[in-house]
Amino acid sequence: MIIQESLSVPLAEGTSLHLRHIYHEQKAGPIVLFLHGAIENGKIFYTESNKGLAPYMALNGFRCFVLDLRGRGGSLPIIGAGHDYGQTESILEDVPAALAFINQFTGKKPQFWVAHSWGGVIMNSVFARFPDEIENVDACVYFGSKRSLYNNHPEKLLKANLLWYWLAHHYSKKYGYLPARELKWGSDNETVKSHSQSVQWAKKLPWVDSDDNFDYAKALESKVLPPTLHIAGVKDKALAQPIDIKMFIKESGIGVQSLNIYGKRYGHAHNYGHIDMLTHPKAQGDQFKDLLKWFELHRK
């Protein structure tokens, strides 16, 4: 039987992070940390009726902890006008706080890390800032994760250049935050700072923090990161084409990294896109199965 429970990770100034703990009542295997991307929350990985990647992994014996970054999902307070945190705080405060909580709750740090989209950038940024964490992680799997957008597909020009780079600034200025959920752009909202910082990196500008000029690319160039499987979908034309992922791999250290592309022409059951690579029912027989193989291959 799969069990789900919500856990609260306290932060300073009356804020808290939400962790969804998903596990099998009779199996207590390796611990996994999940991290969502921009204009998302942790529900990209699960439903309360036990659909999605995290319940699938729990069924296979993993103890899953799905993080909602500050203000998203079940984290409190929800994003609103005037909230001044961004991706720097996600890297320096949110993820470290979740790791410390999981360690205290279970007696262990997560053995595996899983991310979707921008979550992979945040995770590798954590490795850059806190290189001691590398030794705690056996392997990672990133679904559709890229930092900068190198492709020039027309859909990218619409979703990134027009909506994300330009129109989103208009809404952020009007409301004091980006109301992506109300606009039906995604499942959650973004602060002005988190949106602005993600735009900077997505535009092929240097992988440098706008708060303190920390150079993530330089910090990682000689680091051996945990073995990482990158997953791309053939229908993901705008947000994570293979060229975008390959450039992210190139600047993410010198460890083992592999890229798999999922679609019918590669022998898979569905032509996957940026979102349904995690939500389509057929994913269990394709990328979810390969994730388990990757973790087993690199498990210490």
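Start by selecting helix α3, residues 118-129, which lies across β3, β5 and β6 (139-143) and runs at about 140° to β5. Helices here are DSSP runs of H or I with at least four residues, strands are runs of E with at least two, and both are numbered from the N terminus. Axes are lines fitted to C-alpha atoms, for helices over the stretch in contact, and angles run from 0 to 180 degrees between N-to-C directions.

The model is predicted: local features need pLDDT of at least 70 and side-chain atom pairs count only at pLDDT 80 or more, while totals for chains, interfaces and linings use all residues. Residues are numbered from 1 along each chain as its sequence is written, and side-chain values use heavy atoms, with hydrogens and water left out.

**The sheet**

Next, show the strands. They form an open sheet of 8 strands with mixed pairing, in the order β1-β2-β4-β3-β5-β6-β7-β8. Two strands count as paired if DSSP finds at least two bridges between them. At the edges are β1 (2-10) and β8 (257-262), each pairing on one side only. From one strand to the next, the twist averages 20°.

Select β2 (residues 16-24) together with β4 (residues 63-68): these two pair in the antiparallel sense over 5 bridges. Within this pair, look for L19, which stands opposite L67 in β4.

Helix α2 lies across β1, β2, β3 (31-35), β4 and β5 (112-116), at about 150° to β4.

**Strand β5**

Which strands pair with β5 in the parallel sense? One is β3, over 4 bridges; another is β6, over 5 bridges. On the β6 side, F112 stands opposite A139.

Now colour β5 by accessibility. Buried means under 20% relative accessible area, exposed over 50%, and partly exposed in between (1.4 Å probe, protein chains only). In β5, 5 of the 5 residues are buried, so the strand is largely enclosed by the rest of the structure. Both faces are covered, with F112, V114 and H116 buried on one side and W113 and A115 buried on the other.

**The nonpolar cores**

A nonpolar core is a set of buried Ala, Val, Leu, Ile, Met, Phe, Trp, Tyr and Cys residues joined through side-chain atoms within 4.5 Å. The largest one has 38 residues, of which L19, L33, L67, V95, W113 and F127 touch the most other members. Centre the view on L33; leaving aside neighbours within four places in sequence, its contacts (heavy atoms within 4.5 Å) include F65, L67, V95, L99, I102, W113 and M123. A second, separate core holds 32 residues, among them F34, A58, A139 and F143.

**H21 in strand β2**

Go back to strand β2 and select H21. Is H21 buried or exposed? H21 is buried, with a relative accessible area of 2%. Its side chain is joined to that of E5 by a polar contact of 2.7 Å. A polar contact is a pair of N or O atoms within 3.5 Å; within protein, one must be able to donate a hydrogen and the other to accept it, and residues adjacent in sequence count only if both atoms are side-chain atoms. Not counting residues up to four places away in sequence, H21 also touches several others, including I3, L7, C64, F65 and F105.

**Salt bridges**

Side chains of opposite charge can pair when their charged atoms come close. A salt bridge here is a side-chain nitrogen of Lys or Arg within 4 Å of a carboxyl oxygen of Asp or Glu. The structure holds 12 salt bridges.

D209 lies in the loop between α5 (192-202) and α6 (216-220) and R129 in helix α3, so the pair ties together parts that are 80 residues apart in sequence. D209 is buried at 1% relative accessibility, and R129 is buried at 18%.

Next, select E251 and R147, which form a salt bridge with the closest N and O atoms 2.7 Å apart. E251 lies in the loop between α7 (242-250) and β8 and R147 in the loop between β6 and α4 (154-175), so this pair ties together parts that are 104 residues apart in sequence. R147 is buried, at 3% relative accessibility.

A further pair is D188 and R181, at 3.2 Å, N to O. D188 is buried, with a relative accessible area of 4%, whereas R181 is partly exposed at 38%.

End the tour at R70, E93 and D94, which are linked in a network of salt bridges.
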